[in-house]
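Me: Please take one part of this model and go through it closely. I would like each term given with its cut-offs.

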Amino acid sequence: MTKAMIKAMLWKEWRETRWKWLAFAVAFHLPLFLAGLVITLQESVQFDLQAMSDPIAGQVLEVALVAQSAFLITAGLFLLAFFAVGSVGAELDNHSMFFIFERPVKRWNVLLFKYAVGAVQATTCVGLSLITTLSFVYAVMVAGSTHVTLEGSWSTFTNVVANGTRGTVWTMVIGLMVYSATFLFSVVFEKWWIAVIAGAISLVGMFYYFGGILFDLIISAATRDKGGDVNLDLYGRLDPVPILIMLMVSTGLYFASQYVFARKEMK
Amino acid sequence: MKSENQINDYAVEIENLGRNFGKFEAVKSVDLKVLKGTVFGLLGVNGAGKSTIIKMLVGHLRPTYGRIRILGRPLEEDPIEIRKRVAYVSENRYLYEWMTVAESLRFTRAFHANWDDAKAASLLKRFSLPPEKKVKQLSRGNRARLCLLLALSFNPELIILDEPTSGLDPIVRRDFIENIVSEISEEGKTVLFSSHIVEEVERVADYVGIINEGEMLMVSSIDEIKGSYKRVRYATNGTRPEVASVPGVLAVENGRHEQVLTVHGWGDETMLALAARGVANPEVLPISLEDIFVSKVRAERERRAGL
C-alpha cells in the first residue's frame, strides 16, 4: 500500500460515512437533548443551583450517567449494529466495491480500512457520548438555574466525569465487540437488509443470554446504597481481564471477517 | 527457450477452464490464447458464459478447474502485480455514484503508479466529460466513457472489456468501439472484449472466439474465418436435395425456390458431393461473421438436440 492509496481509501471512507456518523452522534444524544429541553423550557422543573447541595447536583449527574449507559447498552447497541452492518454489505449489494477490486490493492487492505474507519467512528461515538452527556446535563443545569454558582458543584462534576471516563472505556470496548460482530454479518451477507435482520437477531439473542446480567448491572448502578449515594461500582474500576477478553473477541471477529472476505466471490 | 518465447507471446492463456454453479456448468473446458497486440472478440448470445470467463480472468470468480495465465504469469501467483498491468471494465460499469468525474479520476489515480495525467486530461477532453458532474448524473454513454478513461489512463498492457457497448445507443456504441480501435492502433495494446453484437466484433476484432452454452465452438482470426467459410446458393427447381450430411455443411436455409448453405472448407470435394446430390450451378457468395455465428450456434443446438 502506498501513501497515496492510504490517503485515497481514508478519504473515500470518510466521505461515505461522515453523514452517517453525524446522524449516529445526533441519535445518541437525542434523548438527552429532549430531556434538556424539558428542564430549560419548563419553569416548574428549573431549580436553584445555589440552593442545591453538592450531593443533589451529583445525583442529577449520576442519574444522567446511568441513564445514558442504559440507553447505550439497549437502543445504542442496536444503533451501533445498524451503523456497522451497512459498511461492507451495502457496497457488495450495490456492487460499488467492484470498483476497488479492479484496482491493484489487496482485499485485506480494503477490509482493514473499512473496519478501522467504522470502528473508530462507532466507538468514539459510543464512548464519548457518556462524557458529552455529563457535560450537557451540567450545562443544562447551569443554564436552567436561577442563581448560577459553579463553585459548589464543580468538584461533584469532576468526580462524575472521572466515573464517566472509566465508563467510556467500558462502553467503547463493548461497542467495539458489537461493531465487530455486526461487521462480520455485513461481510457474510451480500444483501445489507439480511445482515440487518441477522444482526438484530444476534443482538436479541445476546440480550436474551446476557440480558439478566446487563440489566442487573444497570439496576444495581441506579440503586442507592445505604449511604444515600448512587451505586457507581461499575464506573469505579477498570477490570483488565474482561476488557482484554472483549478486545480478543473483537480481534477474532475481525479476522473472521477477513477470512470470509478473502474467499468471497464477486458474482 | 523457444517455448518460453511462445508463452510470452500471449497476453491471455486459458487451459481447460471450467466453472460450475452448483450443478450448472456455466463454462466447460475452455481453451483460449490471445496474442499480444491483438483485439480478441468473445462472441456469444446472452448467457453463453462470456462474463463468467471474463470474471475468472480478472479474479472475481474462481475456476472450478483449469488454468489461467495473464501476461505470462499464472493468475493466482500474483494477482496484484497482474492488476497493475491489466484494465478491466465490467458490463455494469461500477463506479462510486457520489463521486464527481474529477474525484473518480483522483481516486483511481492513487492506485496506479504509472498513471498518465496528460493522457487522462486528453481523454477527458476527447470524451467531453464534465469534471464537476457527479457520476450518478452521467448518461450511460458518459459512464461508459468514464470507465474507459479510467481504464486507459494508467497505460495497461491488456484491456478486458465485458460487453463494453451494452445499453448504449448506436452512435455512442460506434464511437466507443472506434475509440478502442484508435487506442490499439496507436499503442499496440491487447484488447479482449465480449459482445453479443456480431457487427462490432467483426468491425474491430482481429480474432474471434464463438462461445455457446459454456463451450468454445471456434477460435480463429477474422480473415481465416472469412477465407474458410463460404455461403453457397443454388436454385432448387421444385425438389430440395438432402445436403445436410455433406461434410463441411454447417447450415441449410430453405427458400421458396432456392437453398443457401453455410459451408466450412469450400472446395472441389464439397462441390462434387453436392453435385452427386443433384445440386447444379452453385453460386459462392461472400459470408459475414453473423452468418457463421448463427450457423455455428444453430448447428451446435441441433447437435445437442440430436437432430
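Reply: Across the interface of chain A and chain B, the rule finds 2 salt bridges, a salt bridge being a side-chain nitrogen of Lys or Arg within 4 Å of a carboxyl oxygen of Asp or Glu. The side chains of B:Arg19 and A:Glu265 form a salt bridge, at 2.6 Å from N to O. This is a predicted model, in which local features need pLDDT of at least 70 and side-chain atom pairs count only at pLDDT 80 or more, while totals for chains, interfaces and linings use all residues. Residues are numbered from 1 along each chain as its sequence is written, chains are lettered from A and ligands numbered from 1 in the order in which they are written, and side-chain values use heavy atoms, with hydrogens and water left out.

Between chain A and chain B, 9 residue pairs are in polar contact, both residues at pLDDT 80 or more. A polar contact is a pair of N or O atoms within 3.5 Å; within protein, one must be able to donate a hydrogen and the other to accept it, and residues adjacent in sequence count only if both atoms are side-chain atoms. On the side of chain A that touches chain B, α1 (3-41) and α3 (97-101) of chain A each supply at least two residues. The largest share of that side, 8 residues, comes from α1(A). Helices here are DSSP runs of H or I, at least four residues long, and strands are runs of E, at least two, both numbered from the N terminus.

Counting contact as heavy atoms within 4.5 Å, 29 residues of chain A and 25 residues of chain B take part. The area buried between the two chains is about 2600 Å², and carbon and sulfur atoms give 64% of it. A:Phe99, A:Glu102 and A:Pro104 supply 27% of the area that chain A buries against chain B, more than any other three residues. Buried area is the accessible area (1.4 Å probe) that two parts lose on being put together, summed over both.

Buried means under 20% relative accessible area, exposed over 50%, and partly exposed in between (1.4 Å probe, protein chains only). In helix α2 (residues 50-57) of chain B, 7 of the 8 residues are buried, so α2(B) is largely enclosed by the rest of the structure. Among them are B:Ile53, B:Ile54 and B:Met56. B:Arg145 is also buried, with a relative accessible area of 15%, and its place is in helix α6 (residues 140-152) of chain B.
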